Amino acid sequence: MLLSGTGWTLSFLWPWEKRNNYFFGYNTDIIYMIPILAGSPLVYVCNGNIMRQLFSNEGRINMIKPHELTLKSIIGDSLASSSGDIWRRHRRVLAPAFNPKVHQLVWDESSMLYDEMISAQGWADQKTVIVPNINDVIIKFSLLVIARCAFGLPGAWLDDTEAGGVVQGYNFTEALSTVTESFILKLIFPRKLFMLPFKRLRHIDKCWTNVEATIRAIMSKATAEAEYAVNDQKTEPKASVLKRLMASLHGQAREELSEDEVVADMYTLLFAGHETVACALYATLGYLAIYQDEQEKAFLEIQSELQKGRPLNVSNVDHLQACFFEAIRLRPPPFMLPRDMDQDMFINISYPAPEIIILKKGVRIVCDLIGIFRNPHEYPEPATYRPSRWYGGASADTLLFGSGPRTCIGRNFAHNEAISFLARFLRDWKVHATLQPGETLKQYEDWVMGIGYMHGTAFSVGSVALTLTRRQ
Ligand code: HEM
């Protein structure tokens with residue numbers, strides 16, 4: 001998987017590379033992958049109805065997240081890496097923290113951060129800005145949103161060294177990006193390897209150590225502040241995600257987490273909470289730069305709300321929301337959802353023919369979101385960016401954020417962050433693709449947007465080069 005694909009081996013991104021012709025031209029809902037030399041057979045699923053059947057039963061039928069495909073061996077049990085009763089304990093602690101108050105905070109902070117970003121980047125009085133790689137700006141934006149809204153850190157756009165003033169002397173954003181980029185190496189190789197005197201390996205180890213030190217420092221700071229608040233009758237800290245996690249250290253058994261589990265959840269939220277949204281935004285802006293008519297529709301929608309004097313929010317910009325969903329469909333940030341079956345289960349399949357089949361205990365299933373979202377039986381002309389397919393479809397059942405009890409806990413967080421950012425961005429700027437001399441928009445789409453790329457733990461397009469012109 002680490003090597004690029006050949007006729008005999010598959011690369012890590014094989015579902016992307018083979019997206020147009022696998023699942024036998026989408027004429028079968030599931031395929032069995034049988035490794036020749038090592039490993040156990042896998043069942044890949046490319047039909048959304050089967051994913052719903054599987055995951056809606058996840059509370060009733062025990063399914064296990066495969067340890068080697070999560071960060072469990074590195075960070076231990078967390079919400080995303082655990083299964084069964086341990087997972088339920090983590091979910092009970094964290095679910096109430098993703099509440100309307102926090103989502104409003106995300107909307108407001110994203111809007112303030114957008115203004116900070118524009119002035120810190122020196123774009124405030126520019127009429128045209130050429131951005132060689134918008135990803136660099138967006139990843140920083142999404143990291144600061146999660147740092148502020150989940151952990152209450154006062155990270156500022158220009159204050160990169162600390163993302164909240166907790167561990168001095170190193171660049172937190174860079175350390176975190178090294179951590180996310182190296183997680184596959186950390187999964188495969190033993191810790192001792194990173195002690196060897198090779199500059200790159202030592203650097204990776206140092207970044208992991210520093211990020212963990214930051215997380216533990218945030219916890220100590222939160223403990224100190226909570227004691228201070230109790231003594232001084234001060235108001236509660238507004239970061240309810242961190243607060244719930246800290247409270248769980250002394251919770252009742254059903255909601256109690258150990259210190260290591262809290263650290264693991266903080267890692268998880270840092271990873272899951274910033275790379276996913278950033279990746280979805282790279283893709284949304286990239287597609288909107290190509291599909292100018294969709295961008296114009298989004299702009300007119302935003303403008304019309306503002307002219308009516310209505311404050312923007314996630315529910316009054318339907319087309320913009322659809323543009324965001326459509327980008328996630330074409331580039332799902334988590335694209336493989338694996339589970340090990342802990343008991344037999346019957347499922348209905350439709351292709352090649354309607355049939356009931358049995359998935360045996362012990363088998364590993366993988367819901368392949370790239371395949372599911374490009375299945376022409378569910379998404380006609382699947383390769384076309386067409387936001388209108390999501391009109392009126394902002395229901396909980398989009399599958400874009402998973403399905404069943406383990407559906408994305410940060411869905412509304414992501415939604416508020418992304419739409420708040422996009423609404424302001426598109427209000428102020430007309431976004432164009434930066435074309436190389438002689439390059440056509442079609443070539444830009446084929447080459448730049450045709451690339452599938454892992455940004456740490458999340459999947460998206462590669463670097464997106466944009467030219468921004470200020471709207472009047
Ligand atoms: C566009 C952005 C996002 C997308 C597309 C996305 C997608 C998903 C999907 C598909 C799952 C299900 C995984 C599975 O069933 O194995 C998931 C789970 C999860 N997501 Fe998100 N996510 C996004 C943003 C976020 C944010 C902002 C956070 C946190 C602030 C977050 C935290 C999590 C966590 C902790 C889980 C595991 C939940 C559990 O196992 O109970 N995600 N996400």
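Is Arg89 buried or exposed, and what is its relative accessible area? In this predicted model, Arg89 is buried, with a relative accessible area of 17%, where buried denotes under 20% relative accessible area, exposed over 50%, and partly exposed the range in between (1.4 Å probe, protein chains only). The model being predicted, local features need pLDDT of at least 70 and side-chain atom pairs count only at pLDDT 80 or more, while totals for chains, interfaces and linings use all residues. Residues are numbered from 1 along each chain as its sequence is written, and side-chain values use heavy atoms, with hydrogens and water left out.

Arg89 takes part in a salt bridge with Glu261, in which the closest N and O atoms are 3.0 Å apart; a salt bridge is defined as a side-chain nitrogen of Lys or Arg within 4 Å of a carboxyl oxygen of Asp or Glu. This pair links distant parts of the chain, with Glu261 in helix α12 (residues 259–290) and Arg89 in helix α5 (residues 84–94), 172 residues apart. Helices (H or I, at least four residues) and strands (E, at least two) are DSSP runs, numbered from the N terminus. Glu261 likewise counts as buried, at 10% relative accessibility. Salt bridges that share partners also join Glu212, Arg216, Glu259 and Asp260 into one network.

A search of the whole structure finds 23 salt bridges. One of them is formed by Glu58 and Arg339, whose closest N and O atoms are 2.6 Å apart. Here too distant parts of the chain are linked: Glu58 lies in the loop between α3 (48–56) and β3, Arg339 in strand β5, and 281 residues separate the two. Both Glu58 and Arg339 are buried. A further salt bridge connects Lys72 with Asp77, at 2.5 Å between the closest N and O atoms. In this pair, Lys72 is partly exposed, with a relative accessible area of 23%, whereas Asp77 is buried, at 19%.

Strand β5 (residues 336–341), which holds Arg339, is mostly covered, 5 of its 6 residues being buried. Strand pairing requires that DSSP find at least two bridges between the two strands. Strand β3 (residues 63–64) and β5 run antiparallel and are joined by 2 bridges; the bridge partner of Ile64 in β5 is Asp340. Strand β8 (residues 364–368) is also antiparallel to β5, with 5 bridges between them. Within this pairing, Arg339 has Ile365 of β8 as its bridge partner.
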